[in-house]
Amino acid sequence: MRERSIRAAVLPPTDEAELLERAARLPGMTLGELATELGVDVPTEMRRAKGWAGQLLERALGASAASRAEPDFVGLGIELKTLPVDGGGRVLESTFVCTIELPEMDRSEWESSRLRKKLARVLWVPVEGARELAPGVRRIGTPFLWSPNEDDEALLRHDWEEAASMIGRGRTSELTAHTGEVLQVRPKAARGSSRRRALDEEGALYDEQPKGFYLRATFTASLLRRHLWVG
């Protein structure tokens, strides 16, 4: 029987090799099996437990950033992202990357941006995400590490700079899910009534719903295809 000693993997991994060793134990497991090994309750439905799968994997792999604006594996500079897929391996939804700090965007540069830091090195973990599947029976796929190549970075930078320019010119309200080729800007808040302060085109302050950067499903699907072809 294959070793499944996930319970011991609670401290942050010391290096990339250790992280990959832990990740290599996951493929084929259900979220329910992993939760049982970690002593975590399994929700009856994902609608009321959004983010549970990601938190479970963070715990299993030893992520240490919690909710801080750092990569999940702080010492390694590696972010952890789940990738919801259907039975045929099709990516089902866009992927949240980070919140947008509206007051800072007009002073930010791509090279030092939060988004670039988050995406510098990512451990992607495919997980079955079809809505009809109960959380506990969803299976985990084969994780893979990714860093943007030159083409990826050019696309990400272009979309980020377009968003930063619009925010800097007070056109935040014009940013929609249709803006950007590989990045989306979408509302990001636990409650729809949440608001942050932003500037309009005339420099006046107004309340704006918090927004976040998301990777489009078409982009993450291309990463998954690359990984499968290499494998």
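In this predicted model, helix H2 (residues 31-38) and helix H3 have axes that come within 10 Å and cross at roughly 50°. That angle makes H2 oblique to H3, and the crossing of the two helices is left-handed. Both values belong in the picture, because two packed helices are described by the angle between their axes and the distance between the axes. On the H2 side, the contact is made by Leu-31, Leu-34, Ala-35 and Leu-38. Their counterparts in H3 are Trp-52, Ala-53, Leu-56, Leu-57, Arg-59 and Ala-60.

From here the view can move to a sheet. Three strands form an open sheet in the order E1-E3-E4, and the pairing within the sheet is mixed. Strand E1 (79-85) and strand E4 (144-146) stand at the edges; each has a single partner strand, so one side of each is left without a neighbour in the sheet. On average, and ignoring direction, neighbouring strands of this sheet are turned by 35° against each other.

Strand E3 (residues 122-128) runs antiparallel to E4, and three bridges join the two. Within this pair, Trp-124 has Phe-144 of E4 as its bridge partner.

Between E3 and E4 lies a loop, and Gly-141 has its place there. Gly-141 and Ala-24 are 117 residues apart in sequence, yet their C-alpha atoms are 9.9 Å apart in space.

The protein chain holds seven helices and eight strands. Of its 231 residues, 42% are buried. Among contacts between residues at least 6 apart in sequence, 63% join residues at least 24 apart. The chain exposes about 12,400 Å², and carbon and sulfur atoms supply 49% of that area.

Definitions and conventions
Residues are numbered from 1 along each chain as its sequence is written. This is a predicted model: local features need pLDDT of at least 70, side-chain atom pairs count only at pLDDT 80 or more; totals for chains, interfaces and linings use all residues. Side-chain values use heavy atoms; hydrogens and water are left out. Two strands pair if DSSP finds at least two bridges between them. Helices (H or I, at least four residues) and strands (E, at least two) are DSSP runs, numbered from the N terminus. Axes are lines fitted to C-alpha atoms, for helices over the stretch in contact, and angles run from 0 to 180 degrees between N-to-C directions. Buried means under 20% relative accessible area, exposed over 50%, partly exposed in between (1.4 Å probe, protein chains only). Contact means heavy atoms within 4.5 Å. Accessible areas come from the Shrake-Rupley method with a 1.4 Å probe; for residues, only the protein chains shown count as cover. Angles under 35 degrees count as roughly parallel, over 145 as roughly antiparallel, 65 to 115 as roughly perpendicular and the rest as oblique. A crossing is left-handed if the near helix is turned anticlockwise from the far one by less than a right angle, and right-handed if clockwise.
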